[in-house]
Amino acid sequence: MSPSGDINPSHLQLPPGPWATLLDGLCARFPRITRETWLQRFARGRVQDADGQALAADARYRAGTVVRYFREVDDEPRIPFEAKILFADADLVVADKPHFLPVTPAGRFVDETLLARLRQQLDNPALVPLHRIDRETAGVVMFSANPASRAAYHALFQQRAVEKAYEAIAPPLPALAMPHVRRSQLRAGEPFFRMREGDGPVNSETRIEVMQRGLHAWRYGLHPVTGRKHQLRVHMAALGAPIANDSLYPAMSMRTPDDFGRPLQLLAKALRFIDPLDGTARMFESRQALVLVDA
């Protein structure tokens with residue numbers, strides 16, 4: 001079982017429901033986790049209230065209560081790729097993430113995450129990501145290493161003061177004038193982990209340019225103005241050029257174990273911003289590269 005004690009707990013605000021006990025409510029909310037597993041977590045103090053006090057399995061179910069719990073995964077699969085640290089000081093850590101490695105715990109991954117590996121490598125439990133990229137996407141991810149300066153760096157992303165540059169390999173779009181700006185409304189799709197475009201106010205924007213033309217594929221430069229979930233993948237698929245090896249867009253492929261030989265051809269290539277602490281112009285660039293094989 002994954003020894004996830006050094007990873008921050010997940011939080012759940014209990015929704016309204018008919019359950020008499022906290023155990024019953026959690027079993028209904030997470031049907032893939034057995035009742036026996038939840039009982040073991042309660043017994044080890046791994047289910048807590050908002051203040052970190054252990055809760056009892058037979059505690060009364062109260063809608064609106066915030067519950068903390070520590071995720072644990074049996075037989076967590078090993079991701080056989082390593083991240084490289086591009087920069088580290090007292091306030092920031094910048095890593096070059098490989099394909100397939102999640103940034104934070106999700107699904108069947110807890111310890112096999114960039115966050116867990118960096119916390120252990122740097123011996124810094126205060127490390128937290130300042131933004132996210134998909135597990136399938138490789139490239140630059142920035143972390144706050146110091147709670148005292150964290151708000152200043154978070155503000156950069158909230159104010160869209162960080163310039164993000166991505167690269168992708170996808171089919172040609174010869175009929176589309178480049179550079180092109182894709183604007184649309186993105187909303188949750190089906191299943192819940194997919195996104196889709198819909199009618200309504202625009203909430204996503206991506207600038208697209210061509211960097212290299214091949215016979216059957218082009219290398220694109222993608223510059224997201226907004227940071228919606230799966231934004232680049234949805235926008236490219238909607239234009240008729242889904243990113244190579246994308247298993248979710250435009251349609252889901254059969255869910256199989258990771259094919260490490262066919263990574264999603266999407267790379268978070270660079271981050272640029274003015275450091276809020278000292279005014280320095282910062283630029284961090286991935287050392288990885290996507291290969292356009294038919295150029």
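**Model and overall build**

This is a predicted model, in which local features need pLDDT of at least 70, side-chain atom pairs count only at pLDDT 80 or more, and totals for chains, interfaces and linings use all residues. Residues are numbered from 1 along each chain as its sequence is written, and side-chain values use heavy atoms, with hydrogens and water left out.

The protein chain averages a pLDDT of 91. That score is the predictor's confidence in each residue, from 0 to 100. At least 70 is reached by 94% of the residues. Over residues 1-6, pLDDT stays under 50. The model still has 17 contacts beyond four places in sequence for residues 1-6; a contact means heavy atoms within 4.5 Å. Where pLDDT is low, the predicted coordinates should not be read in detail.

The protein chain holds five helices and 14 strands. Both are DSSP runs, numbered from the N terminus: helices are H or I with at least four residues, strands are E with at least two. With five helices and 14 strands, the protein chain has a radius of gyration of 21 Å, close to the 19 Å that the globule rule gives for 295 residues, so it is as compact as a globular protein of that length. The radius is taken over C-alpha atoms, and the rule is 2.2 Å times the number of residues to the power 0.38. Along the principal axes, the C-alpha atoms fill a box of roughly 65 × 45 × 40 Å.

Of the 295 residues, 48% count as buried. Buried means under 20% relative accessible area, exposed over 50%, and partly exposed in between (1.4 Å probe, protein chains only). Among contacts between residues at least 6 apart in sequence, 62% join residues at least 24 apart.

**Helix H5**

Helix H5 spans residues 231-238. Seven of its eight residues are buried, so H5 is largely enclosed by the rest of the structure. The buried residues are Gln231, Leu232, Arg233, Val234, His235, Met236 and Ala237. They pack against six strands named here: E8 (163-170), E9 (180-188), E10 (195-198), E11 (204-213), E12 (218-224) and E13 (266-274).

**Strand E12 and its histidine**

His223 lies in strand E12. His223 is buried, with a relative accessible area of 13%. Leaving aside residues up to four places away in sequence, His223 touches Lys164, Ala165, Glu205, Thr206, Arg207 and Glu209.

**Salt bridges**

Side chains of opposite charge can pair when their charged atoms come close. A search of the whole structure finds 15 salt bridges. The criterion is a side-chain nitrogen of Lys or Arg within 4 Å of a carboxyl oxygen of Asp or Glu. Three of them are tabulated.

| Pair | Closest N to O distance |
|---|---|
| Glu112 and Arg78 | 3.1 Å |
| Glu167 and Arg219 | 3.5 Å |

Glu112 forms a salt bridge with Arg78. This pair links distant parts of the chain, 34 residues apart. Glu112 sits in the loop between strand E5 (92-97) and helix H3 (114-122). Arg78 sits in the loop between strand E3 (66-69) and strand E4 (84-88). Glu112 counts as buried at 10% relative accessibility, whereas Arg78 is partly exposed, with a relative accessible area of 48%. Arg78, Glu82, Glu112 and Arg117 are linked in a network of salt bridges.

Glu167 forms a salt bridge with Arg219. That pair also links distant parts of the chain: Glu167 is in strand E8, Arg219 in strand E12, 52 residues apart. Glu167 counts as buried at 11% relative accessibility, and Arg219 counts as buried at 13%.

**A three-stranded sheet**

Which order do the strands of the open sheet of three follow? The order is E1-E3-E2, with antiparallel pairing. The edge strands are E1 (10-13) and E2 (47-49), and each pairs on one side only. Neighbouring strands of this sheet are turned by 30° against each other on average, direction ignored. Axes here are lines fitted to C-alpha atoms, for helices over the stretch in contact, and angles run from 0 to 180 degrees between N-to-C directions.

Two strands pair if DSSP finds at least two bridges between them. Four bridges join E1 to E3. Leu12 has Val67 in E3 as its bridge partner.
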